[in-house]
Amino acid sequence: MSTTRPYPPGDLGPEPGGAGASAAPAAAIPAGQIRRLRLAGTRGAVARGRDFARQALHDWGWLPASGADRRAAAEDVLLVVSELVTNACLHAEGPEELRLRCTAKVLRLEVSDLGTGQPAPRSPHRPGRPGGHGMFIVQRLCLDWGVVRNADGAGKTVWAELAAPF
């Protein structure tokens with residue numbers, strides 16, 4: 001598990017700025033907007049989560065992608081959403097909620113569930129072995145990821161952050 005940036009769910013930490021900061025047009029930056037999708041007790045949670053994320057990416061100007069880098073960034077987001085929601089389905093009694101938060105620099109994905117397990121990349125990673133690749137994929141595609149336990153002890157939020165392509 002990553003421990004380099006253990007911010008609680010919804011907290012991206014200090015906003016990067018100063019010299020060298022991106023000069024993306026104001027219209028392309030969603031200004032820290034948060035989107036939430038309730039998944040508790042629903043069928044087809046992975047597909048619903050992916051469709052929800054795809055619509056958010058469209059609304060935020062990531063899709064349709066204007067170039068290969070933006071297209072790859074959007075595909076990475078959809079893959080990470082799929083992996084996090086799938087892990088909650090398989091190992092944590094199902095996902096409760098998917099949250100997306102985008103700033104000028106980072107897209108943060110959060111999947112909350114009521115499970116007690118601790119996600120971790122399978123070690124050692126064996127590419128030819130079926131299953132168990134989800135958190136390895138998340139680790140490879142994301143800037144950072146981690147787990148925050150709920151204060152009441154019931155469940156957790158698994159979060160991952162990807163660089164915004166702006």
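What follows is a short walk from the whole chain to single side chains.

**Before you click**

This is a predicted model, in which local features need pLDDT of at least 70 and side-chain atom pairs count only at pLDDT 80 or more, while totals for chains, interfaces and linings use all residues. Residues are numbered from 1 along each chain as its sequence is written, and side-chain values use heavy atoms, with hydrogens and water left out.

**Stop 1: the whole chain**

Switch to cartoon view and you'll find three helices and five strands in the protein chain. Those names come from DSSP runs (helices are H or I with at least four residues, strands are E with at least two), numbered from the N terminus. Trace the chain from the N terminus and the order is β-α-α-β-β-α-β-β. Of its 166 residues, 42% count as buried; that means under 20% relative accessible area, with exposed being over 50% and partly exposed in between (1.4 Å probe, protein chains only).

**Stop 2: helix H1**

Select residues 45–59, which make up helix H1. Now colour Ala45, Gly49, Phe52, Ala53, Ala56 and Leu57, which are buried. Look down the axis of H1: these buried residues fall within an arc of 135°, so they line one face of the helix. (The arc is that of the directions from the helix axis to the C-beta atoms.) What do the buried residues of H1 pack against? Show strand E1 (34–38), helix H2 (68–91), strand E2 (95–102) and strand E3 (106–113), and there's your answer.

**Stop 3: helix H2 and Glu83**

Next, select H2, whose 24 residues should span 34 Å, in agreement with its end C-alpha atoms being 34 Å apart. Its buried residues pack against H1, E2, E3, helix H3 (134–141) and strand E5 (156–163). Zoom in on Glu83, which sits in H2. Glu83 is buried yet has no salt bridge, and the nearest side chain of opposite charge, Arg50, is 8.3 Å away. Here Lys and Arg count as positive and Asp and Glu as negative, with His and the chain ends not counted. A salt bridge is a side-chain nitrogen of Lys or Arg within 4 Å of a carboxyl oxygen of Asp or Glu. Leaving aside neighbours within four places in sequence, Glu83 is in contact (heavy atoms within 4.5 Å) with Gly134, Ile137 and Val138.

**Stop 4: salt bridges**

How many salt bridges does the structure hold? It holds nine. Start with Asp59 and Arg35, whose side chains meet at 2.9 Å, N to O. Asp59 lies in H1 and Arg35 in E1, so the pair ties together parts that are 24 residues apart in sequence.

Then pick Arg36 and Glu97: their closest N and O atoms are 3.6 Å apart. Arg36 is in E1 and Glu97 in E2, 61 residues apart. Is each one buried or exposed? Arg36 counts as exposed at 52% relative accessibility, while Glu97 counts as buried at 15%.

Last, select Arg108 and Glu161, which form a salt bridge at 2.8 Å, N to O. Both are buried. Now show Arg36, Glu97, Arg99, Arg108, Glu110 and Glu161 together: salt bridges that share partners join them into one network.

Definitions and conventions:
Expected span 1.5 Å × (residues − 1). Arc of directions from axis to C-beta.
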